[in-house]
Protein chains: 4
Amino acid sequence: MKPIPLGMVGGGSGAFIGAVHRIAARIDGQFRLVAGALSSDPARADASARELGLARSYASFDEMAEAEAARQDGIAAVAIVTPNHMHAAPAVAFLKAGIHVICDKPLAATAAQAAEIAEAARSSRARFFLTHNYSAMPMIREARALVAEGALGEVRLVQAEYLQGWLADPASGKQAEWRTDPARAGAGALGDIGTHAWQLAQFVTGQTPAHLSAELSSVVPGRPVDDDARIALRYAGGAKGGIWVSQVAVGQENGVSLRVFGTRAALEWRLDASERLILSPKDGPARLLTRAQDRSASSRTPPGHPEGYLEGFANLYADIAAIINGDVGPLDRVPGLDAGLSGMAFIAAAQASSARDGAWVEVAP
Amino acid sequence: MKPIPLGMVGGGSGAFIGAVHRIAARIDGQFRLVAGALSSDPARADASARELGLARSYASFDEMAEAEAARQDGIAAVAIVTPNHMHAAPAVAFLKAGIHVICDKPLAATAAQAAEIAEAARSSRARFFLTHNYSAMPMIREARALVAEGALGEVRLVQAEYLQGWLADPASGKQAEWRTDPARAGAGALGDIGTHAWQLAQFVTGQTPAHLSAELSSVVPGRPVDDDARIALRYAGGAKGGIWVSQVAVGQENGVSLRVFGTRAALEWRLDASERLILSPKDGPARLLTRAQDRSASSRTPPGHPEGYLEGFANLYADIAAIINGDVGPLDRVPGLDAGLSGMAFIAAAQASSARDGAWVEVAP
Amino acid sequence: MKPIPLGMVGGGSGAFIGAVHRIAARIDGQFRLVAGALSSDPARADASARELGLARSYASFDEMAEAEAARQDGIAAVAIVTPNHMHAAPAVAFLKAGIHVICDKPLAATAAQAAEIAEAARSSRARFFLTHNYSAMPMIREARALVAEGALGEVRLVQAEYLQGWLADPASGKQAEWRTDPARAGAGALGDIGTHAWQLAQFVTGQTPAHLSAELSSVVPGRPVDDDARIALRYAGGAKGGIWVSQVAVGQENGVSLRVFGTRAALEWRLDASERLILSPKDGPARLLTRAQDRSASSRTPPGHPEGYLEGFANLYADIAAIINGDVGPLDRVPGLDAGLSGMAFIAAAQASSARDGAWVEVAP
Amino acid sequence: MKPIPLGMVGGGSGAFIGAVHRIAARIDGQFRLVAGALSSDPARADASARELGLARSYASFDEMAEAEAARQDGIAAVAIVTPNHMHAAPAVAFLKAGIHVICDKPLAATAAQAAEIAEAARSSRARFFLTHNYSAMPMIREARALVAEGALGEVRLVQAEYLQGWLADPASGKQAEWRTDPARAGAGALGDIGTHAWQLAQFVTGQTPAHLSAELSSVVPGRPVDDDARIALRYAGGAKGGIWVSQVAVGQENGVSLRVFGTRAALEWRLDASERLILSPKDGPARLLTRAQDRSASSRTPPGHPEGYLEGFANLYADIAAIINGDVGPLDRVPGLDAGLSGMAFIAAAQASSARDGAWVEVAP
């Protein structure tokens with residue numbers, strides 16, 4: 001199978017998530033990065049493109065969308081790895097050009113931007129993907145399968161956490177600065193990691209929170225965005241849930257976890273032991289599931305040979321490659337526009353609730 | 001040192017917490033159980049007393065308080081291990097008789113009962129102790145010392161959990177029945193285990209939540225008390241916190257945990273690894289503290305020889321023995337009337353908030 | 001039931017294991033310590049006895065055995081908690097006096113002493129018990145039951161470890177000094193903790209090593225006993241095994257562990273997570289067994305309320321009380337003379353093998 | 001930087017380690033797989049090459065070595081991922097052709113084959129690399145740095161384990177068959193995973209075992225190679241050590257671990273928590289080191305975003321790329337001929353010792 005030609009917007013040298021997308025696209029050899037508008041600074045864009053050995057470097061994403069769409073060998077898909085406020089414009093441009101979009105999360109910085117993407121995605125023949133990578137990890141996929149087949153019975157309690165400590169002090173550095181700037185990020189911890197927790201809980205349980213009550217905090221004095229968010233959830237189906245995300249939880253590197261309790265059994269998963277899923281039946285001993293029990297075919301090595309973050313990310317790219325190549329099977333497990341809009345609704349509802357001192361508000365469906 | 005003569009109210013055969021109190025009182029040989037009103041059923045009381053080899057069995061706590069107070073060799077202290085609604089009457093009787101009271105938590109089933117105890121305790125020459133046993137475990141005491149000496153810097157986030165699964169189905173059996181009966185228990189999970197979480201967080205941080213927002217649920221259909229409680233906290237000093245307690249979290253045997261994040265470091269403790277305290281500085285590797293680092297002199301064996309629940313409980317009894325024998329040093333770490341009233345205020349505030357759909361309410365000081 | 005009158009030899013103030021035995025005897029209220037020859041120094045013996053509130057203090061164990069045997073209310077059992085070389089003489093004296101002996105491990109410091117005990121035990125109407133306490137912990141008893149009922153299939157591999165670090169430097173202090181003195185201890189790590197590992201492996205597997213090859217080391221320069229022992233085992237039934245014990249493994253507080261691999265499943269247990277047993281079937285996920293799965297009725301609290309070292313020790317005392325009171329049911333799980341002699345044979349074989357540069361030698365049956 | 005053209009011998013469709021090498025070579029984009037002799041079956045070789053999109057497919061490695069050496073754009077390096085007995089011939093051919101060799105471990109199936117490789121490697125201008133991948137994982141590299149800088153003091157005890165359960169039954173399937181065939185594998189568990197443990201211990205400690213005593217077992221009846229090996233080690237510098245490897249340890253997926261105890265501190269690492277290194281000082285609490293403490297620059301993501309097996313493998317490829325591109329800095333941490341010969345000496349010594357019933361034998365230097 002010939003690799004799919006891929007482009008990238010953002011991700012110039014020094015970027016974190018751009019490098020991750022590149023590795024994810026490369027691991028299985030199904031994509032080939034050939035074009036980029038890697039930086040809004042043309043000189044830096046060119047230097048980064050040379051460093052990465054890209055065939056074609058563009059000064060702007062507009063130019064790139066137009067040119068690539070016109071080429072016989074143009075890119076079939078583009079990864080958008082810019083700060084949140086810079087997702088919408090390139091997403092719209094590429095979708096209009098008929099080029100599949102692989103966009104980093106959250107969907108956008110504002111509801112207006114999100115709406116633009118939604119409109120473009122709905123009217124394009126190209127597809128829109130959102131890289132909620134944790135939901136592509138093997139044991140998360142197995143967790144979802146277990147819930148779906150009723151292994152937990154009726155879901156009653158859902159707790160998702162995502163704790164980091166790297167923003168415990170006033171921000172400095174490229175990664176921190178835009179993430180704590182309301183104009184570029186839209187929200188703070190809520191958008192950056194809260195949407196991951198939100199998506200993960202829904203992905204695994206297959207259920208939708210209908211109402212929430214949020215306590216957003218800016219723990220670091222003077223920070224213009226939330227850096228800690230504690231959110232209570234009422235699911236449409238009656239389950240109760242919670243999300244706690246923080247970027248001021250010192251000592252936490254990247255503490256993602258999910259706990260689901262049903263009438264018959266419970267599931268627990270933690271990123272720092274990501275190859276393991278603890279299934280605790282109401283009666284009888286807990287079971288330590290590993291990839292030996294995963295039925296999603298989402299790994300490259302035998303159980304016991306640890307895979308992790310990059311492999312999870314690569315699972316999304318592998319599924320996207322399959323979809324682009326015509327296999328729509330993975331569509332039900334690759335996050336897309338709906339996940340993105342749901343995340344935006346979550347952010348908006350949490351901000352509204354917190355502004356009303358924690359009043360319960362509806363999450364827009 | 002001669003053992004202190006001890007009495008017990010409640011705790012007849014088949015009781016759970018009565019047996020725990022007896023072991024805790026016995027481990028260090030500082031108490032001798034000599035008298036009891038072990039059951040409200042006189043025949044059962046006598047049979048239980050004989051089984052336990054008690055010197056004196058009484059048909060009622062009133063009779064016992066009067067008789068023991070009159071004896072030269074009467075009991076110096078009494079353990080009250082009845083259901084919550086039966087704490088106040090015996091506590092008042094023994095306090096009035098000048099006999100120290102060691103009462104199981106929570107303080108009472110109602111505010112009125114709590115007030116009776118408070119009045120009696122304040123006007124008695126005898127002391128009132130409340131067995132929030134988890135706060136007497138060695139690594140919790142060390143955690144408190146670390147916070148107090150500033151190892152964490154300023155406390156920012158406090159998360160306490162207490163998850164059980166044993167009430168996931170409609171209650172049956174002695175232990176379950178009174179705990180899910182509003183008249184006898186006062187509250188559900190909130191009182192039974194929520195007060196533990198509440199006390200633990202305050203004990204370790206030395207800080208007081210001023211306001212809370214609660215979501216109480218009766219997950220099991222038809223249950224007349226809460227069996228799951230999710231509570232957001234605003235501490236007086238500015239910290240944010242949360243408490244999550246549940247008795248329908250299937251697969252959880254007794255999942256007590258506490259996480260505290262400060263400006264400089266964080267602490268994490270879990271009952272299922274109770275001999276370990278994880279201290280995570282903002283910079284540098286986390287440290288696994290064990291009893292080798294505990295400075296509270298709260299253990300009987302060298303580090304690495306696991307102690308647990310009963311030993312923690314016994315630490316309270318050891319401190320109470322010291323206090324009765326005239327050493328007031330441990331008074332600052334043994335929970336008493338204040339902890340009990342604080343727990344009642346917590347229950348009341350949580351119920352009020354939940355009744356108002358999670359509105360933030362003040363916790364009575 | 002009236003408590004059984006108990007005596008103690010050794011265990012004066014400052015002793016470690018004497019205090020442990022006293023707590024173990026006291027936890028369930030089935031023994032009452034009334035007499036002691038707590039120290040070979042009469043003044044210290046008396047002071048310790050007063051401190052402990054003993055009814056009768058003796059200057060020597062001979063005197064104690066004679067006097068107690070003559071009393072109507074004399075002790076029914078005696079705990080011997082002296083250094084190894086001082087086990088035999090009191091054991092023989094009390095056995096001859098018809099008083100049950102509860103002896104700390106290992107059996108003795110020399111084969112000659114062990115033979116004296118054996119002879120006395122065999123000709124006495126009293127019983128001899130040896131406190132290999134780890135084998136009385138609930139999950140170890142459950143492990144044994146699982147192996148016995150065939151849950152592991154045929155046992156193939158058995159690995160036992162006991163690692164400590166407290167003797168990593170030249171010894172100082174009471175506990176260290178006698179343990180590194182060949183005359184008083186007989187062997188070093190091999191006797192002090194190696195016999196625990198040896199007994200634990202046999203207790204759980206129900207199988208006997210027939211031959212061994214040992215590499216004993218005195219890692220600390222100049223130490224006259226072994227402080228590290230690495231032993232390969234060939235079981236009579238064909239299984240292969242290993243024992244590694246060390247007292248110079250810095251950072252290890254008390255690292256006891258056991259792993260057993262069979263044809264159908266494996267078991268893993270570690271003292272630092274002693275309430276958990278990992279059962280790994282050949283196919284399918286591992287299971288985390290807790291006391292909820294233990295069928296030995298060896299605990300005092302519900303699963304999830306951690307018990308540990310002292311409770312395990314107390315399980316032995318509880319079984320001994322039952323046996324003394326006429327219930328011989330627990331005899332098959334309380335270590336006695338056979339376990340003691342097996343431990344001595346293990347020490348002798350390991351020393352012989354190491355002296356012959358690791359040659360395989362037979363372990364005397 | 002243009003990718004380095006890479007070839008592969010072995011690794012046709014269905015192969016395990018060939019696929020791993022391909023991902024490892026691809027992750028960082030520094031290699032491009034262009035040529036292969038992927039199978040000894042020409043039709044299968046071609047089909048596999050087409051499937052992988054290789055530019056050039058060869059029917060034999062000889063032909064490939066000759067042809068590629070002759071091309072201007074020929075491969076600069078070749079990955080040899082055949083069974084052990086098929087390492088030597090292609091390695092010699094490519095080394096003679098001046099093409100760098102990246103060979104899977106162990107070095108060879110026989111001493112004669114190993115000698116051929118050694119001779120060819122020593123007389124070639126091309127380099128020889130051996131993929132002992134575990135030693136390239138970040139926390140292992142940090143462990144090595146800690147030992148080298150004296151953080152552990154003098155090394156006293158070294159324990160390495162590698163436990164698998166997948167060969168607990170008579171072998172079936174491609175992977176199992178050649179690994180249990182003496183002609184193709186040379187040794188059983190000893191060569192397949194024992195050499196990993198052997199290399200890992202030396203890599204981290206920087207020390208060389210001088211003598212060993214081995215107990216090799218064929219636990220599965222009728223198996224013509226060892227499937228369990230228990231080996232005691234005496235290091236040249238005085239440390240004692242052990243290696244235990246097994247392929248019949250049911251329930252173990254890939255249990256690699258290393259423990260090193262020194263005079264001042266100890267290190268513990270386990271593959272199933274590979275991003276963590278436990279550093280236990282003689283005094284004071286253990287420290288949980290993560291990649292935040294790793295100084296080897298061996299990772300692609302921030303600490304807390306789990307990396308694992310493939311990334312470790314890729315670290316070797318990244319270092320090899322750097323070396324090929326002229327940076328000899330990584331040479332001291334990439335295993336090569338010496339590691340391979342050391343592994344062969346280990347196998348030979350263990351087999352000799354076991355044949356002499358565990359006699360201590362010298363490991364050829």
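Between chain B and chain A, about 3100 Å² of area is buried, and carbon and sulfur atoms give 49% of that. I quote an area here because the size of an interface is often given as the accessible area lost when the parts come together. Bear in mind throughout that this is a predicted model.

Chain B puts 41 residues into the contact, and chain A puts in 41 residues.

On charges, the rule finds 10 salt bridges across the interface of chain B and chain A. One salt bridge that I can show you pairs A:Glu161 with B:Arg259, where the closest N and O atoms are 2.8 Å apart.

Staying with these chains, let me turn to helix packing in chain A. Helix α4, residues 88-96, packs on α5(A) at an angle of about 10 degrees, and the two axes are 9 Å apart. The cut-off for roughly parallel is an angle under 35 degrees, and α4(A) and α5(A) are therefore roughly parallel to each other. From α4(A) the contact uses A:Ala88, A:Ala91, A:Val92 and A:Leu95, and from α5(A) it uses A:Gln113, A:Glu116, A:Ile117, A:Ala120 and A:Ala121. Sorted by class, that contact of α4(A) with α5(A) comes to 7 nonpolar, 1 polar and 1 charged residues.

Now helix α4 in chain B, again residues 88-96. Is this helix enclosed or open, and how many of its residues are buried? The count is 7 of the 9 residues, so α4(B) is largely enclosed by the rest of the structure. The buried residues in α4(B) are B:Ala88, B:Pro90, B:Ala91, B:Val92, B:Ala93, B:Phe94 and B:Leu95. If you look for what covers them, it includes the strands β1 (4-9), β4 (77-80), β5 and β6 (128-130) of chain B, along with the helices α3 (61-70) and α5 of chain B. After α4(B) comes B:Gly98, which has a positive phi, near 80 degrees.

Next, some backbone details. Most residues other than glycine have a negative phi, and most peptide bonds are trans. There are some exceptions to show.

In chain A, the peptide bond that joins A:Lys105 and A:Pro106 is cis, with omega about -10 degrees. A:Pro106 sits in the loop between β5 (100-103) and α5 (111-123) of chain A. In chain B, a cis peptide bond joins B:Lys105 and B:Pro106, and omega there is about -10 degrees. B:Pro106 is in the loop between β5 (100-103) and α5 (111-123) of chain B.

For phi, take A:Ala297, a residue other than glycine whose phi is positive, near 55 degrees. A:Ala297 lies in the loop between β14 (286-289) and α10 (309-324) of chain A. Its relative accessibility is 72%, so A:Ala297 counts as exposed. In chain C there is C:Asp357, not a glycine either, with a positive phi of about 60 degrees. C:Asp357 belongs to the loop between α11 (337-355) and β15 (361-362) of chain C. At a relative accessible area of 37%, C:Asp357 is partly exposed.

That leaves chain D. Helix α1, residues 17-27, has 9 of its 11 residues buried, so α1(D) is largely enclosed by the rest of the structure. The buried residues in α1(D) include D:Arg22 and D:His21, and also D:Ile17, D:Val20, D:Ile23 and D:Ile27.

By contrast, D:Glu66 counts as exposed, at 63% relative accessibility. D:Glu66 is in helix α3, residues 61-70, of chain D. How far from D:Lys96 is D:Glu66 in sequence and in space? The two are 30 residues apart in sequence, and their C-alpha atoms are 9.5 Å apart.

Last, one more helix pair in chain D. Helix α6 (residues 138-148) and helix α9 (residues 189-205) pack at about 45 degrees, their axes 7 Å apart. That angle makes α6(D) oblique to α9(D). On the α6(D) side the contact has D:Ile140, D:Arg141, D:Ala143, D:Arg144 and D:Val147, which meet D:Leu200, D:Phe203, D:Val204 and D:Thr205 of α9(D). By class, this contact of α6(D) with α9(D) holds 6 nonpolar, 1 polar and 2 charged residues.

How values were computed:
Residues are numbered from 1 along each chain as its sequence is written. Chains are lettered from A and ligands numbered from 1 in the order in which they are written. This is a predicted model: local features need pLDDT of at least 70, side-chain atom pairs count only at pLDDT 80 or more; totals for chains, interfaces and linings use all residues. Side-chain values use heavy atoms; hydrogens and water are left out. Axes are lines fitted to C-alpha atoms, for helices over the stretch in contact, and angles run from 0 to 180 degrees between N-to-C directions. Helices (H or I, at least four residues) and strands (E, at least two) are DSSP runs, numbered from the N terminus. Angles under 35 degrees count as roughly parallel, over 145 as roughly antiparallel, 65 to 115 as roughly perpendicular and the rest as oblique. Contact means heavy atoms within 4.5 Å. Ala, Val, Leu, Ile, Met, Phe, Trp, Tyr, Cys and Pro count as nonpolar, Asp, Glu, Lys and Arg as charged, and the others, Gly among them, as polar. Buried means under 20% relative accessible area, exposed over 50%, partly exposed in between (1.4 Å probe, protein chains only). Buried area is the accessible area (1.4 Å probe) that two parts lose on being put together, summed over both. A salt bridge is a side-chain nitrogen of Lys or Arg within 4 Å of a carboxyl oxygen of Asp or Glu.
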